Each structure stands twice: as C-alpha cells, then as structure tokens.
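Take a look at the model below. The text after it walks through a few of its features, one step at a time.

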Amino acid sequence: REQERLKRIYRYLDAHYAEPLALSHVAELVSLTPAAFCRYFKKMTRMTFTEFVNQYRVRQAKNLLLQDKTVTEAAFASGFE
C-alpha cells in the first residue's frame, strides 16, 4: 500500500511538475492531511516534498537544456517562475 501511495505521488508529479503544486492538494490525493503527508514523504524519500519537487524540476530543466532550449524556456517549461 505504501508503494502504491508513492507511485500515485510520482505519477501526479510527473504529469504536473510544470504547474504550481500545492502540497495540500497532493496530500489530499493520497488521503493524508498536509502534516501527515510531510512526515510520510520525508520518511519515504529522506527529502521534503519541496526539495523533491525542486530536484525533479532541475532534472527536467537539464534535459531541456541538452535539447538546445534556452535557459528561460527550460526554466518555465520545468515549472520555475
């Protein structure tokens, strides 16, 4: 069950990383309160949700830069404002 919960979070992040992400919305998606979600996510990944999202976005931006996108294009396409 725990792995399925993480998979649901990862799928959501993969589909919506370029959009503003509300921790409360993601917590609701996996039937947890925001506080419980933060504890759960940190326990499972050893990172806060914000740290994880930022690392994910940096990886996406890096891939876009390798595809000859400008820094601005890569940043906005990866969810950085």
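What follows covers a helix pair, its aromatic rings and one arginine.

This is a predicted model. Start with helix 1, residues 2–16, and helix 4, residues 49–66. Two packed helices are described by the angle between their axes and the distance between the axes. Here the angle is about 45°, and the axes of helix 1 and helix 4 lie 11 Å apart. Angles of 65 to 115 degrees would count as roughly perpendicular, and those under 35 as roughly parallel. Helix 1 and helix 4 are therefore oblique to each other. Their crossing is right-handed. Helix 1 brings Ile9, Tyr10, Leu13 and Asp14 to the contact, and helix 4 brings Phe49, Phe52, Val53 and Tyr56. By class, seven of the residues in this contact are nonpolar, none is polar and one is charged.

Now turn to the rings. How many aromatic pairs does a search of the whole structure find? The search finds six. One of them joins Tyr10 and Phe52. Their ring centres are 5.4 Å apart and their planes stand at 20°. Planes under 30 degrees apart count as stacked, so the Tyr10 and Phe52 pair is stacked. This pair links distant parts of the chain, with Tyr10 in helix 1 and Phe52 in helix 4, 42 residues apart.

Phe37 and Phe49 form another pair, with ring centres 5.4 Å apart and planes at 75°. Over 60 degrees counts as edge-to-face, so that is the class of the Phe37 and Phe49 pair. Phe37 lies in helix 3, residues 34–45, and Phe49 in helix 4, so the pair ties together parts that are twelve residues apart in sequence. Both Phe37 and Phe49 are buried. Ring pairs link Tyr10, Phe37, Phe41, Phe49 and Phe52 into a cluster.

Stay on helix 4 for the last stop, Arg57. Is Arg57 buried or exposed? Its relative accessible area is 10%. Buried means under 20%, so Arg57 is buried. What is Arg57 in contact with, leaving aside its neighbours within four places in sequence? The contacts are Tyr17, Glu19, Pro20, Leu21, Ser78, Gly79 and Phe80. Ser78 is 21 residues from Arg57 along the chain, and the C-alpha atoms of the two are separated by 5.3 Å.

Technical notes
Residues numbered from 1 in each chain as written. Predicted model: local features only at pLDDT ≥ 70, side-chain atom pairs only at ≥ 80, totals over all residues. Heavy atoms only, no water. Axes fitted to C-alpha atoms, helices over the stretch in contact; angles between N-to-C directions. Helix = DSSP H or I, 4+ residues; strand = E, 2+ residues; numbered from the N terminus. Parallel < 35°, antiparallel > 145°, perpendicular 65-115°, else oblique. Left-handed = near helix turned anticlockwise from the far one by under 90°. Contact = heavy atoms within 4.5 Å. Nonpolar A, V, L, I, M, F, W, Y, C, P; charged D, E, K, R; others polar. Phe/Tyr/Trp six-rings, centres within 6.5 Å; stacked < 30°, edge-to-face > 60°. Buried < 20%, exposed > 50% of the residue type's maximum accessible area, 1.4 Å probe, protein only.
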